[in-house]
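Here is a short report for a reader meeting this structure for the first time. Please look over the sequence and the model before reading on.

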Amino acid sequence: MLHVILMKTAENALAQRLDAVLATALAGQAYEVVATPQEFASWCQKPLTERQGTRFLFVVPLPGQGLNTAYACWLNTIIAHPGCFDGCIGAVLVDGGSEFFTKKTARELIFTANAAGCTFP
């Protein structure tokens, strides 16, 4: 099953464009939304055999100025759980109101999740 990690707060709710992309991409796909770092931390408590092979889609909406406070909280949580993504596969979707910070955010997220064991094919 695909786990969709939505790195957003009420202040930076998904933009209509990103919402439409997700609706199309996830149509007919069985998935579960992981909406908070606390839900993720609970998932990390599962035995390794249950976590291995899990697929993740990391979704980061960036406002026009490019800073998302929820994203920072998520990074801290991932860093606090080294090895939690061992044997997992990930993909990243970053959408912003401008071209600023989208690529930086994606690289930083991939680096952090990869350090925790996530593979990005």
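Glu108 has a relative accessibility of 30%, so Glu108 counts as partly exposed. This is a predicted model. Lys104 is also partly exposed, at 41% relative accessible area. The side chains of Glu108 and Lys104 form a salt bridge, with 3.6 Å from N to O. Both residues sit in helix 5 (residues 102-115), 4 residues apart, so about one helical turn separates them.

## A salt bridge across the chain

The structure holds 2 salt bridges. One of them joins Arg17 to Asp95, and their closest N and O atoms are 2.6 Å apart.

Are the two partners buried or exposed? Arg17 is exposed, with a relative accessible area of 52%. Asp95 is buried, at 15% relative accessibility.

## Strands 3 and 4

Strand 4 also pairs with strand 3 (residues 55-62). The pairing is parallel and runs over 8 bridges. Within it, Val59 stands opposite Leu93 of strand 4. Together with helix 4, the two strands make a right-handed β-α-β unit.

## The disulfide

Which cysteines are joined by a disulfide? They are Cys44 and Cys84, with 1.9 Å from S to S. The structure holds 1 disulfide. The torsion about its S-S bond is about -115°, so the disulfide is left-handed. Cys44 lies in helix 2 (residues 37-44), while Cys84 lies in the loop between helix 4 (69-79) and strand 4 (89-96), so the bond ties together parts that are 40 residues apart in sequence. Both Cys44 and Cys84 are buried.

## Cysteines without a partner

Cys73 is in no disulfide. The nearest cysteine sulfur belongs to Cys44, 16 Å away. Cys73 is partly exposed, at 45% relative accessibility.

Cys118 is buried, with a relative accessible area of 0%.

## A buried arginine

Arg51 belongs to helix 3 (residues 48-51). Arg51 is buried yet has no salt bridge. The nearest side chain of opposite charge is that of Asp86, 6.0 Å away. The Arg51 side chain does reach the backbone oxygen of Cys84, at 2.8 Å.

Technical notes. Residues numbered from 1 in each chain as written. Predicted model: local features only at pLDDT ≥ 70, side-chain atom pairs only at ≥ 80, totals over all residues. Heavy atoms only, no water. Disulfide = S-S within 2.5 Å. Buried < 20%, exposed > 50% of the residue type's maximum accessible area, 1.4 Å probe, protein only. Pairing = 2+ DSSP bridges. Right-handed = clockwise from strand over helix to strand, strands pointing away. Lys, Arg positive; Asp, Glu negative; His and termini not counted. Salt bridge = Lys/Arg side-chain N within 4 Å of Asp/Glu carboxyl O. Polar contact = N/O pair within 3.5 Å; in protein donor to acceptor, adjacent residues only side chain to side chain.
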